[in-house]
Structures are given as structure tokens and as C-alpha cells.
Amino acid sequence: MRTLEQTTQEVIDLAAKHFQLPAGSLAPEDDFFKKLGIDSLQTLEMLSRLENHFGIELPDYEVQGVSDFKTLAERIQSRL
Amino acid sequence: MKSFTGKTLRWEWRDGGLELTLDREPANEIGTAMLEELEIFASSFEALALETSSCIIASARKSVFSAGGDLRELYHQAASVPENERPKGIRSFLKRIHAVMNAIDAAPFVTIAAVHGACLGGGLELALACDIVIADKMARFAFPEMRLGFIPGFGGIPRLKRDLGNAVVRDLLFTGRTLNATRAHAVGLVAQLAGEGEALRMARSTAMQVAKYDPVARAATKEFMKPIPREELESEIDIFCELFARPEVMAALKKFVEDSGPMPYLP
């Protein structure tokens with residue numbers, strides 16, 4: 001079972017890889033909308049990547065209002 | 001007409017196969033301009049029927065098959081006419097889009113939706129009119145209409161009910177949530193799951209396979225397997241128009257149109 005820290009790091013690594021950012025440039029408390037500059041369609045794409053990576057379903061309404069990696073990781077962790 | 005290039009889409013016929021590509025910025029929203037070109041597309045079916053075995057519908061836009069109906073256009077058009085004339089305008093639009101969807105649904109060849117990215121609302125309704133949905137593993141499907149106070153209006157509920165169990169239909173409608181491609185495949189919405197960026201290639205391969213079979217048997221199978229739920233489609237238009245006449249809908253549309261947040265398409 002992953003720890004929350006591990007899940008958070010995997011979320012950050014996945015985002016950094018997909019958006020081609022240096023691994024150390026993202027932090028758990030970062031606002032990913034601002035940091036990644038993503039729009040709604042890219043957000044959906046990111047959601048698919050996260051679901052495929054963690055093998056879970058993450059309903060949109062559970063991540064509505066979530067904008068930082070750590071809280072996003074908490075939502076994922078609750079479904080692992 | 002064997003090829004066409006319009007403002008929102010294009011198609012080409014080659015070796016018995018049609019390929020329709022949606023290409024309207026930013027997200028293939030289906031408004032009046034796309035409707036007009038889809039009508040031209042559907043009107044070409046009869047002439048092409050005898051020499052066509054398949055039709056692929058795909059998107060040229062990155063990250064999206066179609067975000068659905070053009071809600072901005074819908075709002076601005078509705079806002080520009082007196083309140084009591086709004087249902088008449090929307091009914092006319094819905095009847096036209098239903099005619100196109102029904103033509104695609106009953107097309108005299110096998111229709112294949114090659115889906116990548118977001119496939120929402122009217123975009124999902126277009127995919128559901130096709131015989132086979134092939135989806136990239138990054139595709140996502142949703143009916144987010146209820147967040148605005150109405151229902152899918154391009155034939156979505158009757159066609160979803162035709163293909164899927166009621167439990168999944170209710171989940172999709174009442175939550176407005178997006179289903180990922182794996183889940184959509186598991187519930188039977190998607191026929192074939194493709195790797196990332198592979199949906200169109202798989203659709204072309206499928207089109208080559210269906211071309212091998214006898215066209216009369218193919219047409220008979222389609223008519224037998226996939227009846228158009230005409231009565232329910234008519235009811236859908238009535239329900240949509242009734243819901244659309246409420247001030248709550250215009251208020252929700254206004255909020256949506258003015259929303260500049262990063263997640264306006266999410267419920």
C-alpha cells in the first residue's frame with residue numbers, strides 16, 4: 001500500500017513527465033492549474049492519466065475545487 | 001459528393017470508405033455552422049450508399065473528439081430573442097440535428113466513431129449514433145447537461161438506453177461525471193479500446209474488415225440490431241424544450257458562458 005507521500009510524488013512525477021517539466025519544479029502545495037497552465041480539456045486528460053496509472057476511477061465531482069497536488073493525491077489515496 | 005471541406009469539418013471518400021473529420025476550434029462544438037455541414041454530409045449518403053461500406057467519424061482537434069453542443073451560441077441566440085420565442089428556436093435546431101443523427105444512425109454502411117480525448121454531451125450523442133465506437137485509452141465520456149438544468153438534446157438518452165443498462169445511464173446523467181475509456185469499454189459503450197493515439201488506425205483497420213462482408217446482409221443486420229427509437233427521440237425534444245423554457249436554464253447558461261475558470265466543462 002502506498003503512503004500519501006508516495007502517491008503525491010507519483011502524481012507530481014506524472015504531471016512533470018506529461019507536461020515536460022523538470023522533476024524538481026513541482027511541489028505538493030503547488031496550484032497545478034497555475035503551475036501547469038492547463039485548461040479544462042487538459043485537466044480531463046490528466047484525470048485519465050491518473051486513473052490509468054493508479055488503476056482507479058476518480059469521479060470529477062470528487063476533484064472539483066481541488067487545485068493542489070497534495071489534495072489531489074489525498075482523493076486518489078482514498079480510492080486505492 | 002465524394003469530398004468536402006467546410007469551415008467546421010471535412011470528408012473524403014476513398015476505396016469504399018468515407019472519413020469525416022471534425023475540425024472546429026476550439027473543441028468541435030456542434031453549433032449552427034457544424035450542423036449545416038453535417039446536413040450536407042448526411043445528404044450525400046444516398047448517392048454513396050451502393051459503393052460505400054464504412055464511414056469513420058474522427059476529430060482533428062487535439063485532446064477532444066467533441067465537447068458537444070455549442071452552449072455559447074445557444075445562450076447568445078436564446079438571449080437575442082423574446083423569452084416566449086426561445087422554445088420555438090431551440091425546437092427547430094433540435095429537429096434538424098435529430099434528422100442528421102438519425103441519418104448517421106441508419107446510414108446504409110457501417111459507421112465507426114474513432115474517439116480520442118473528451119467526448120461530451122452532443123459529441124457523445126454523435127458517437128452513440130455510430131455502429132461501433134473505438135476509443136483511445138485517454139478518451140473520456142460524459143453527459144454534463146443536467147448541471148445546466150436540461151437533458152441531452154441530440155438523441156443521447158434514447159440511444160444510451162438502447163446500448164447500455166439503465167444503472168449506467170442514470171449514473172452518467174445524474175452525476176454528469178466523465179467515464180474513462182476503460183470503464184466505458186467495460187460497460188459496453190466502447191466496442192474496442194485503442195492505445196494512446198491509435199483509435200483512428202484501429203478504426204481504419206476495422207473499416208477494411210467490414211468491407212469484406214456482403215452489403216445486403218450488413219444492411220439487414222443493422223436494421224434488425226439497431227432500430228432507431230423514434231418515439232423516445234420525439235419525447236426527448238419535447239422534454240428538452242419544456243426544460244429549456246425555464247429561467248433557471250438561461251441563468252445557468254449565462255454562468256457557464258461567463259465562467260473563465262479552468263474547468264468549465266466539468267460538472
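Helices H3(B) and H12(B) cross in a left-handed sense. A crossing is called left-handed if the near helix is turned anticlockwise from the far one by less than a right angle, and right-handed if clockwise. Everything here comes from a predicted model, in which local features need pLDDT of at least 70, side-chain atom pairs count only at pLDDT 80 or more, and totals for chains, interfaces and linings use all residues. Residues are numbered from 1 along each chain as its sequence is written, while chains are lettered from A and ligands numbered from 1 in the order in which they are written.

Stay with that helix pair. H3 covers residues 71-79 of chain B and H12 covers residues 247-258 of chain B; they pack at an angle of about 130°, with axes 10 Å apart. That makes H3(B) oblique to H12(B). Angles under 35 degrees count as roughly parallel, over 145 as roughly antiparallel, 65 to 115 as roughly perpendicular, and the rest as oblique. Axes are lines fitted to C-alpha atoms, for helices over the stretch in contact, and angles run from 0 to 180 degrees between N-to-C directions. Helices (H or I, at least four residues) and strands (E, at least two) are DSSP runs, numbered from the N terminus.

Which residues of H3(B) meet H12(B)? They are B:Leu71, B:Arg72, B:Leu74, B:Tyr75 and B:Ala78, and they meet B:Met250, B:Leu253, B:Lys254, B:Phe256 and B:Val257.

Now turn to the sheets. Strands of a sheet pair through backbone hydrogen bonds, either parallel or antiparallel. In chain B, seven strands form an open sheet with mixed pairing, in the order E1-E2-E3-E4-E6-E8-E11. E1 (3-5) and E11 (192-194) of chain B stand at the edges with a single partner strand each, so one side of each has no neighbour in the sheet. The twist averages 20° from one strand to the next.

Look at E3(B), residues 17-22. Five of its six residues are buried, so E3(B) is largely enclosed by the rest of the structure. A residue is buried if 20 or more other C-beta atoms lie within 10 Å of its own, exposed if 12 or fewer, and partly exposed in between, with C-beta atoms placed from the backbone. E3(B) pairs with E2(B) in the antiparallel sense over six bridges. Two strands pair if DSSP finds at least two bridges between them. B:Arg10 stands opposite B:Thr21. The hairpin of E2(B) and E3(B) has two residues between the strands, and B:Asp15 there takes a positive phi near 50°. E3(B) also pairs with E4(B), in the parallel sense over six bridges. B:Leu20 stands opposite B:Ile57.

Helix H9 (residues 199-210) of chain B lies across E3, E4, E6, E8 and E11 of chain B, running at about 165° to E6(B).

Finally, chain A. How many residues of chain B are in contact with chain A? The count is 19, against 17 residues of chain A. Two residues are in contact if their C-beta atoms, placed from the backbone, lie within 7 Å. In chain A, A:Ala27 sits in the loop between H1 (4-18) and H2 (32-36). A:Ala27 counts as exposed because it has 12 C-beta neighbours inside 10 Å.
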